[in-house]
Amino acid sequence: MPLSEHEQRLLEQMERALYAEDPKFATALEGTGLRARTRRTVYLAAAGFVVGVALLMGGMVTKLWWVGVAGFVVMLGCAVVAVNGWRHAPRLGIADPRTGAPMRRRKAGVVDRMEQRWQRRHDQQHGA
């Protein structure tokens, strides 16, 4: 059962208070297993990219075109894996109350602030 908006706001307030009070403990509570796995994937992809460069250079030196092409394909594949892993890596921050996954932090824009004010007024008027 998903949380109501009021419960979500309360949970976010409690999380922010925890981060403000003890950021080291709050960070320890976050799921680090996924971050470590993503970091390891990116490092392995970077190592594979270096191997691809070595294959490409080796193919050029030995004049075996297929070794150079294989090196290029390895480089390309590892670059794609590294960029996707880096782009989709979980960020430190507040967890999404519905899924438990870390949310990306972003600055609140004008529209977001206006929406928050509107929501607060609505809640105050309707006694939520």
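Glu 5 is partly exposed, with a relative accessible area of 49%, where partly exposed stands between buried, under 20%, and exposed, over 50% (1.4 Å probe, protein chains only). The structure is a predicted model, in which local features need pLDDT of at least 70 and side-chain atom pairs count only at pLDDT 80 or more, while totals for chains, interfaces and linings use all residues. Residues are numbered from 1 along each chain as its sequence is written, and side-chain values use heavy atoms, leaving out hydrogens and water.

The side chain of Glu 5 meets that of Arg 9 in a salt bridge (4.0 Å, N to O), a term for a side-chain nitrogen of Lys or Arg within 4 Å of a carboxyl oxygen of Asp or Glu. Both residues lie in helix α1 (residues 5–21), 4 residues apart, about one turn of the helix; helices are DSSP runs (H or I, at least four residues), numbered from the N terminus.

Asp 123 counts as buried, at 16% relative accessibility, and Glu 5, Arg 9 and Asp 123 are linked in a network of salt bridges.

## Another pair in helix α1

The whole structure holds 3 salt bridges, one of them between Arg 16 and Glu 12, whose closest N and O atoms are 3.5 Å apart. Arg 16 has a relative accessible area of 44% and is partly exposed, as is Glu 12 at 22%.

Key. Helices (H or I, at least four residues) and strands (E, at least two) are DSSP runs, numbered from the N terminus.
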